[in-house]
Amino acid sequence: MPIKIPNNLPAEKVLESENIFIMKEQRAQTQQIRPLQILLLNLMPTKVTTETQLARLLGNTPLQVELELLKVEHHVPKNTPEEHMLAFYKTFDQVRQRNFDGMVITGAPVEKLRFEQVEYWDELCAIFEWSKTHVHSTFHICWAAQAALYYHYGVKKYMLPEKLSGVFAHKVVHRNSILFRGFDDSFLVPHSRHTSVHREEVLAVSGLKILAESEEAGVYAISNNGGSQIFITGHSEYDTDTLMKEYLRDKALGIRPPVNYFPGDDDTKPPVNTWRSSAHLLYSNWLNYFVYQTTPYDLGQIGCHVEHKPEACPGDERNCPYYVETEKRCTLKSENPV
């Protein structure tokens with residue numbers, strides 16, 4: 001939550017340089033509270049399970065959130081009753097005239113297809129484009145992250161030699177990233193995918209930053225300048241038994257057990273959840289720093305871009321919020337730290 005300070009308090013500049021959200025007295029007097037409008041585009045085959053996973057994470061904050069469910073029209077889910085879809089899901093045409101504080105787009109089991117081969121690709125591209133002007137911050141997961149990187153920036157996906165499945169250690173590489181504020185030096189995340197993006201291709205795109213990555217699983221978290229588009233390649237939202245269910249389904253195909261998931265890599269033992277706390281913190285940080293603290297009170301103002309003043313680099317690598325450890329350089333380019 002923000003801290004309210006008197007106008008012109010000398011601490012203002014210091015707090016802003018540390019990415020602490022401050023609220024001046026003048027602004028605080030005009031504040032009103034309304035629920036955050038969050039749209040969930042659910043592309044996963046197990047709709048109800050995914051709804052539950054994400055609602056759990058989005059609801060575990062002091063913020064009031066109103067969640068709406070969105071489906072693509074050009075795909076009929078096989079694992080969810082039609083009655084459920086009709087009762088709880090809207091189509092793009094039903095929401096395209098509205099604005100939202102935030103949006104989450106899930107992964108989908110279509111990785112082995114070229115993006116253009118996916119039956120709802122054209123509709124998804126229209127949603128990607130719409131999100132740039134009608135959503136304050138969009139959070140993409142797994143395949144959706146790869147698809148959005150491809151649509152917005154031309155970053156390609158590549159087939160892996162074998163399915164990447166398991167729970168892997170990650171580290172934050174963009175120092176003082178507010179998306180990962182409060183994270184441990186090493187944190188665990190489940191991954192389940194057949195494709196990946198190349199680190200060097202992401203870094204070659206002006207305006208994209210890698211925030212966190214894994215030696216085994218590769219790039220994990222990417223953001224554009226300001227955080228209106230965030231790309232997460234893993235599945236922090238997964239339940240304890242999600243990877244196990246996928247493994248049992250695919251075991252006959254010769255898929256190896258998920259790495260670092262079953263105790264002692266023994267698939268006869270029940271798995272232990274080692275990523276729950278970091279998952280809650282990730283979504284809490286996104287809602288707090290990238291949605292609540294910066295979204296306009298008037299939803300009609302979303303998409304009205306405001307020119308931000310460039311941040312000043314302190315010139316000291318140890319304290320510079322723009323210094324990326326793995327790059328050994330300051331990444332300041334007239335942008336806001338994420």
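Which element gives the largest share of the lining of the largest cavity?

Mentor: The model is a predicted one, and in it the largest share of the lining of the largest cavity, 4 residues, is supplied by α9. The count of cavities of 30 Å³ or more comes to 1, and the largest cavity has a volume of about 30 Å³. Its lining is made up of K163, S165, L243, E246, Y247, D250, I255, R256 and P258, and the elements that contribute two or more residues to this lining are β8, spanning 158-172, and α9, spanning 242-250. Sorted by class, the lining of the largest cavity holds 4 nonpolar residues, 1 polar residue and 4 charged residues.

Turning to the open space, the second largest pocket has a volume of about 710 Å³ and is lined by 28 residues, of which P45, P109, K163, E246 and R249 lie nearest its centre. Two or more residues of that lining come from each of α3 (47-58), β9 (187-196) and α9, and it is α9 that gives the most, with 5 residues. By class, the lining of the second largest pocket has 9 nonpolar, 10 polar and 9 charged residues.

Conventions:
Residues numbered from 1 in each chain as written. Predicted model: local features only at pLDDT ≥ 70, side-chain atom pairs only at ≥ 80, totals over all residues. Heavy atoms only, no water. 1 Å grid on protein atoms, 1.4 Å probe; cavity = no way out; pocket = protein on both sides within 12 Å on 5 of 7 lines; lining within 4 Å. Points joined across faces, edges and corners; volume = space filled by probe spheres on them. Nonpolar A, V, L, I, M, F, W, Y, C, P; charged D, E, K, R; others polar.
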